[in-house]
Amino acid sequence: MYTSRTGLILGFHGADKSIVEKVLSGEEELKASENSYDWLGNGIYFWDNSPSRALQWAQELSKRPGSKIKEPAVVGAILDLGYCLDLLDYKNLSAVKAGFELLSSINASLPKNTGRSSDLLLRNLDCAVIETVHHYNKIKGDESFDSVRGVFWEGGELYPGGFFKEKDHIQICVRNIDCIKGYFLPLDRVSK
């Protein structure tokens, strides 16, 4: 009953300026990511209400060798999360735990979350668990989740002894394109 979120929310996606322009003109849709390390599984990723974090991510990505992002930009999206596997809802965490238990019972060699920092940014295990939840729902004939939403703790300590990190954020993975109600170009207001 409470897995459908009420109201619309704003999500922000970092990309190359050429992609943002094509999405805004209706020439293209954003493409779903299907990397084995995408922590919320397969789908289109948005930062929940954080255009600055979306831009910062695109800027970081543009500096990597071979990056497709040459000119970092952000597109905003009006989202209705629909039937959401919301990991900020305590009840849904038990579904994710059950997904892990199912995956571990059928796969002796589980993928691992890895990375160059303690953030373990390559979330192969988490992706496999979330995808197992979706696959199991499909097998059971249960309703498919339209989206997944979770908190990502990332970066160094914001201050000594605190638990807040420099890049903490809420991220949304849209699995059903119908959750995207429209796109917009965020305003770039700088305080003077």
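**View 1. Tryptophan 47 stands opposite glutamine 171 in strand E8.** The model is predicted: local features need pLDDT of at least 70, side-chain atom pairs count only at pLDDT 80 or more, and totals for chains, interfaces and linings use all residues. Residues are numbered from 1 along each chain as its sequence is written, and side-chain values use heavy atoms, without hydrogens and water. Strand E2 (residues 44-48) pairs with strand E8 (residues 169-174) in the antiparallel sense, over 4 bridges. Pairing requires at least two DSSP bridges between two strands. Strands (E, at least two residues) and helices (H or I, at least four) are DSSP runs, numbered from the N terminus.

**View 2. Seven strands form an open sheet with mixed pairing.** The order is E4-E7-E8-E2-E1-E3-E9. E4 (84-86) and E9 (180-184) are the edge strands; each has a single partner strand, so one side of each lacks a neighbour in the sheet. On average, neighbouring strands are turned by 30 degrees against each other, direction ignored. Axes are lines fitted to C-alpha atoms, for helices over the stretch in contact, and angles run from 0 to 180 degrees between N-to-C directions.

**View 3. Helix H1 (residues 17-25) lies across E1 (9-16), E3 (72-79) and E9.** H1 runs at about 130 degrees to E1. Contact means heavy atoms within 4.5 Å.

**View 4. Asparagine 49 has a positive phi of about 60 degrees, although it is not a glycine.** Most residues other than glycine have a negative phi. Asparagine 49 sits in the loop between E2 and helix H2 (51-62). Its relative accessibility is 53%, so asparagine 49 counts as exposed. Exposed means over 50% relative accessible area, buried under 20%, partly exposed in between (1.4 Å probe, protein chains only).
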